[in-house]
Amino acid sequence: MAPARAHHLLACLLASALLAAATPVTGGGLMTDQLEVLFGQTQLLNDSNGDQTIALTLDREMGSAFKSKTSYLFARIDMDIKLVADDSAGTVTTIYLISEKDWNTHDEIDLEFLGNVTGQPYTLHTNIFANGEGGREVQYRLWFDPTQDFHTYSVIWNPDEILILVDNMPIRQFKNHLDSGVPFPIYQPMRLFGCLWDADDWATEGGRIKTDWSQAPFVAYFRNYTADGCVPSSYAWVCGQGPASSSDWFDRGLDDVKQQQQLREAQDKYMIYNYCNDPERFPDGYPKECGLQ
């Protein structure tokens, strides 16, 4: 069964609320134009080309986090990430979109990377909340070493579906079945957060392997953040105004045969848990969306 997370992302959200006066990342470039630090020992690295990388750090005292300066109502989000190397057991590196009003009716799209002991593969844990209803966990074993180089992780959220992609390959699709009574995030804007935090009560082998603090500080790297979405104006939500705007993410789903094949391959080869195939959790029948295409 997928690990239960009683307080998972609340750890990042509560810490950010307590440190609301934290100083935004300073400097030029697209990353700092769009993202700001929330808390922790977050570093801003600049290379000789002027490109920026955000390094999130975790030690015994605190994790670290950033957020987007803009909320979106539908978007395509892309981020390059290089995960914590070596013994990362107990740590979780995450990017997620979340609404920021009533927690009981919140919407959320999670990509959480669960650390492991040296030499073991990372697990990508995904979940989707709509109108406060979650429990839609699907997990994958990454088919490459995500600590050796940057890889691109993407979320496409439009009125028809949510797609999660790795290096532009779709691995998860969640369709809008509101007309069948299945909640879908369609009314609330969401903001992107990135966070590195300690979750050794559940993250690695269900909490059996704890964080080895002798390996600290743990560091994860983020770069090349792009967001193309619908943003608030003085009178409405305006879509397609970004510098690299394309309507493909908004108007089209997986109508490409190659991408449909990639999605099936990811599910067949790399998926290790799907809530729609867990009879222990749902002895009286699976959630309604599990039987819908």
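Author: Happy to! One term before we start: strands here are DSSP runs of at least two residues, numbered from the N terminus. Also, keep in mind that this is a predicted model.

Reader: Got it. So which strand is E108 in?
Author: E108 is in strand 7, which covers residues 108-114.

Reader: And is E108 buried or exposed?
Author: E108 is buried, because its relative accessible area is 0% and buried means under 20%.

Reader: Which residues does the UniProt "active site" annotation cover?
Author: According to the UniProt record, an unreviewed entry, that annotation covers E108 and E112.

Reader: Changing topic: what is the strand order in the open sheet?
Author: The open sheet has seven strands, in the order 2-3-14-5-10-11-12, and the pairing is antiparallel. At the edges are strand 2 (43-46) and strand 12 (169-175), each pairing on one side only. From one strand to the next, the twist averages 25 degrees.

Reader: How do strands pair in general?
Author: Strands of a sheet pair through backbone hydrogen bonds, in either a parallel or an antiparallel way.

Reader: How many bridges join strand 3 and strand 14?
Author: Six bridges join strand 3 (residues 52-58) to strand 14 (residues 218-229), in the antiparallel sense. As an example, L56 has A220 in strand 14 as its bridge partner.

Reader: Nice. Which strands does helix 4 lie across?
Author: Helix 4 lies across strand 11 (161-166) and strand 12, and runs at about 90 degrees to strand 12. Helix 4 spans residues 257-269, with Q262 among them.

Reader: What does Q262 touch?
Author: Leaving aside residues up to four places away in sequence, Q262 touches N168, M169 and P170. Q262 is also buried, with a relative accessible area of 17%.

Reader: On to the rings! How many aromatic pairs are there in the whole structure?
Author: A search finds 10 aromatic pairs. One of them is W213 with F218: the pair is edge-to-face, because the ring planes are at 65 degrees, and over 60 counts as edge-to-face. Their ring centres are 5.9 Å apart. Both W213 and F218 are buried.

Reader: Which residues do ring pairs link into a cluster?
Author: Those are W143, F144 and Y270.

Reader: Last one: which ring does the charged end of R223 sit over?
Author: R223 has its charged end over the ring of F150, 3.9 Å from the centre. K82, in turn, lies over the face of Y221, 5.6 Å from the ring centre.

Conventions
Residues are numbered from 1 along each chain as its sequence is written. This is a predicted model: local features need pLDDT of at least 70, side-chain atom pairs count only at pLDDT 80 or more; totals for chains, interfaces and linings use all residues. Side-chain values use heavy atoms; hydrogens and water are left out. Helices (H or I, at least four residues) and strands (E, at least two) are DSSP runs, numbered from the N terminus. Buried means under 20% relative accessible area, exposed over 50%, partly exposed in between (1.4 Å probe, protein chains only). Contact means heavy atoms within 4.5 Å. Two strands pair if DSSP finds at least two bridges between them. Axes are lines fitted to C-alpha atoms, for helices over the stretch in contact, and angles run from 0 to 180 degrees between N-to-C directions. Rings of Phe, Tyr and Trp (its six-membered ring) pair if their centres lie within 6.5 Å; planes under 30 degrees apart count as stacked, over 60 as edge-to-face and the rest as tilted. A charge sits over a ring if NZ of Lys or CZ of Arg is within 6 Å of the ring centre and within 35 degrees of the ring normal. UniProt positions are given in the numbering used here, feature names are shortened, and annotations may be inferred rather than shown by experiment.
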